[in-house]
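Student: I am new to this structure and would like to go through its pockets. Could we take them one at a time?

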Amino acid sequence: MDNTPQFAILADLVHQTGRGMPAARTRVRVWEMSGVERLSFTDGPDLIFKWGREPFTAEADILRHVHGQGVRVPEVFASAARDGVLGMLMHDLGDADREATIDDAVTAAIATHETAAPDALPVLDRAALTALPGRALSRLEELRAAGRWADTTDLDRLLVPLVEHADRFADGADLAPFGLCHSEFHPTSLHLRDDGWWLLDWARSFLGPGLLDLASWQGTQQPANPTSLRHLIWAYVRAGGAAETSRPRAGLPPETWALGWHRLWIIAWYLEQSAIWMPNPDRDPTVIPVIRRHLHEAAAFLWVPDR
């Protein structure tokens with residue numbers, strides 16, 4: 001018997017749509033904070049059930065908002081939030097027919113950045129970027145105060161200069177494209193079928209520099225590649241994206257500025273997970289090397305003095 005909060009929400013959503021309970025539930029992707037399942041029914045077509053814990057509980061509203069403005073996203077048939085958990089029943093798009101290309105990325109990014117943002121999204125403007133390294137440092141100090149992350153004093157040698165110089169590094173944050181950002185803009189989030197594309201996974205959307213979406217396309221599993229990002233930026237501009245996308249910011253090429261800040265944004269998120277959302281010390285040996293690698297990249301791209 002499934003006694004999880006998300007199962008109770010699923011039962012309510014299925015009832016709302018007038019369907020019987022699914023004959024089968026197949027996991028597509030599940031981790032501690034969210035999950036995606038394919039539901040098979042005897043009385044109708046398959047549906048996708050997606051659930052997410054805080055802070056991922058605004059995705060249904062975001063999806064409905066951007067869908068209403070013509071962005072290609074999965075249709076939400078029913079949703080409910082309870083006790084810090086969101087559940088959604090969505091259109092099942094089926095398996096992808098092909099992998100996303102740079103041209104697909106550019107098309108989806110421009111469509112996203114030209115869409116008016118819904119109300120109440122987090123804002124990542126110049127002031128918020130300037131505060132980002134300090135937020136990361138505060139989370140790090142919280143973890144140490146809890147008796148964790150003791151052997152990480154090397155991180156301070158990079159984070160402290162980033163805090164001190166953050167306002168200068170944040171120059172240009174409000175240049176176009178500035179507005180709705182997807183935030184998890186990876187090839188795996190762009191679902192390609194023969195009849196078009198759909199952009200998935202909007203739970204961490206924010207209002208901020210669209211360059212951070214472009215920087216996220218290459219992911220973080222491999223070393224950051226500024227040459228690859230520069231090619232994506234120019235393809236974005238040639239396809240009709242904002243010309244200011246290719247302008248230098250804080251005296252830096254746009255690709256290095258974007259990669260530096262994207263890494264800091266990722267660092268702040270991992271530290272927040274470790275301190276608040278997933279405070280499991282058993283994860284620390286895995287997370288700390290990731291933070292260390294991203295922090296060295298951020299410092300290198302933003303040219304932190306005396307690092």
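Student: Which element gives the most residues to the lining of the largest pocket?
Tutor: This is a predicted model, where local features need pLDDT of at least 70, side-chain atom pairs count only at pLDDT 80 or more, and totals for chains, interfaces and linings use all residues. Residues are numbered from 1 along each chain as its sequence is written, and side-chain values use heavy atoms, with hydrogens and water left out. Helices (H or I, at least four residues) and strands (E, at least two) are DSSP runs numbered from the N terminus. With 6 residues, the top contributor to the lining of the largest pocket is helix 8.

Student: How many residues of helix 8 are buried?
Tutor: Helix 8 covers residues 254-277, which is 24 residues. Buried means under 20% relative accessible area, exposed over 50%, partly exposed in between (1.4 Å probe, protein chains only). Helix 8 is mostly covered, and the buried count is 20 of its 24 residues.

Student: Which element gives the most to the lining of the second largest pocket?
Tutor: Helix 2 (59-68), helix 4 (126-145) and helix 8 each supply at least two residues of that lining. With 5 residues, the one that gives the most is helix 8.

Student: How many residues in the lining of the second largest pocket are nonpolar?
Tutor: Ala, Val, Leu, Ile, Met, Phe, Trp, Tyr, Cys and Pro count as nonpolar, Asp, Glu, Lys and Arg as charged, and the others, Gly among them, as polar. The lining has 1 polar and 5 charged residues, and the nonpolar number is 19.

How values were computed: Expected span 1.5 Å × (residues − 1).
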